[in-house]
Amino acid sequence: MADHNHNPQNLREELHWLAATILERKNAWEEKRAFACPPVPQLEQSHSRYAGFIRQFQLSSDERLVLALALAPHLRPWLLDGLVLPLNEARLTEQRETGQKLPTVETALFLICGDDIARRLEVQAVFDTQHHFYQKTVLDIRERDVGSSFFSGILSLNRSYFDLFTINRVRPPRFSNEFPAHRLESKLEWEQLVLNDSTQRRLRDIRAYLRHESHLRQEWNLGRHMKKGFRILFHGPSGTGKTVAATLIGRDLNREVYRVDLSTVVSKYIGETSKNLNNLFNTAEDKEWVLFFDEGDALFGQRQDTANSESNTAHYANQDTAFLLQRIENFNGIVIVASNFRKNIDQAFTRRFQAVVRFNIPDPTNAVRIWEENLPAQVQLETGINLPQLVRMHQMSAAEIIKAIQMISLVAIQKDQPLITRKELENCIKDTIFA
């Protein structure tokens, strides 16, 4: 069991080792002699999260130095002053506002390899896309300037791993351009989500598959025929329960669900969309999140014809779509895409879904049920109001019915007697539908 009290002790040992390594590299470089790496701290018996991570991935001393270097600006920023050399051979960069020294990928390579080209080629694998530092989103490599070398990118530790190594828990990520997603939560249960029979049936099938997936893959020997991950398309009018259903699927599996804000993802800067998404996908794989792409038409829609386009916009839009297709197809987890209209989703993308579910406006029976189960008991409807007749006259989504009920309740609570007339009821419904 991890003991967070061991985290500070282990980090102190690791950073002390980093400081000794920096001093040895600087002296060896200036004295033009062979480099001798100081002894690596022994953390085998420690129960900290940091030591557990090292053991889990069997990190080499090179990998641990890279990790320690990424930690240094947060815990011991002055250590990097030891790598200041006349020609900046360590390729440190400075934060504009504070002047704080920041390590780059080149800094890590210099610290470990010096001018040994063979070692440099060997250590570069630590920054490869096949390495667990990339696949688990442990490290962030931030470009300093557009078009600059990857190796000049600033080396930093992902916030979730910094939290894990220091305070023994991961804080929920904050919405930003780099993390364009919000966590979804709902107070509803499956029994309270009123859906038509065909939709309920398809959702039951999906839930059963996700519940028994590992048995089907392994014990029933179907894994060779099944793609990794699971992709679902929800399509239908707004307010019919797509978002709530996605949230409840995550709850079934005890996984967090994050709604991707496509308006933020589709950046105005060419090439930024793919970059913004990649970090999100890597983090979601590591944390086993469910990704929910709402209003998928914005990015998963029909690809543009570049033959007749005079600008590069269509070309780069298609590149972003192609990247997304590939990333979702290779995603190990669950992706749910929601669209108001299935026809708006590119057929090349539709073929990649294992399940497609249509969400409809509730039929009359379900519409009456939504009214009856959600209208507060305090609200009295005028004699003669017929709910079955009302729902046949006004086709409304479940969300619209709930909104109308809220408006009706607001009218009622302001009266001495909370009686709602037919005219008031009709006005609330019209205001909801045409809002």
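The largest cavity in this predicted model has a volume of about 60 Å³, and the count of cavities of 30 Å³ or more comes to one. Its lining draws on residues from several parts of the sequence, namely Val 194, Leu 195, Asn 196 and Thr 199, together with Thr 240, then Phe 359, Asn 360 and Pro 362, and finally Ala 398.

Attention may next be given to the backbone, and in particular to the phi angle. Most residues other than glycine have a negative phi. Against this background, Gln 58 has a positive phi, near 50°, although this residue is not a glycine. Thr 137, likewise a residue other than glycine, has a positive phi near 55°.

Gln 58 is found in the loop that runs between helix H2 (49–56) and helix H3 (61–75), whereas Thr 137 lies in the loop between helix H6 (132–135) and strand E3 (139–142).

The surroundings of the two residues may be described through their relative accessibility. Gln 58 has a relative accessibility of 70%, and because a residue over 50% is classed as exposed, Gln 58 counts as exposed. For Thr 137 the value is 4%, and since the class of buried residues covers those under 20%, Thr 137 counts as buried.

Notes:
Residues numbered from 1 in each chain as written. Predicted model: local features only at pLDDT ≥ 70, side-chain atom pairs only at ≥ 80, totals over all residues. Heavy atoms only, no water. 1 Å grid on protein atoms, 1.4 Å probe; cavity = no way out; pocket = protein on both sides within 12 Å on 5 of 7 lines; lining within 4 Å. Points joined across faces, edges and corners; volume = space filled by probe spheres on them. Helix = DSSP H or I, 4+ residues; strand = E, 2+ residues; numbered from the N terminus. Buried < 20%, exposed > 50% of the residue type's maximum accessible area, 1.4 Å probe, protein only.
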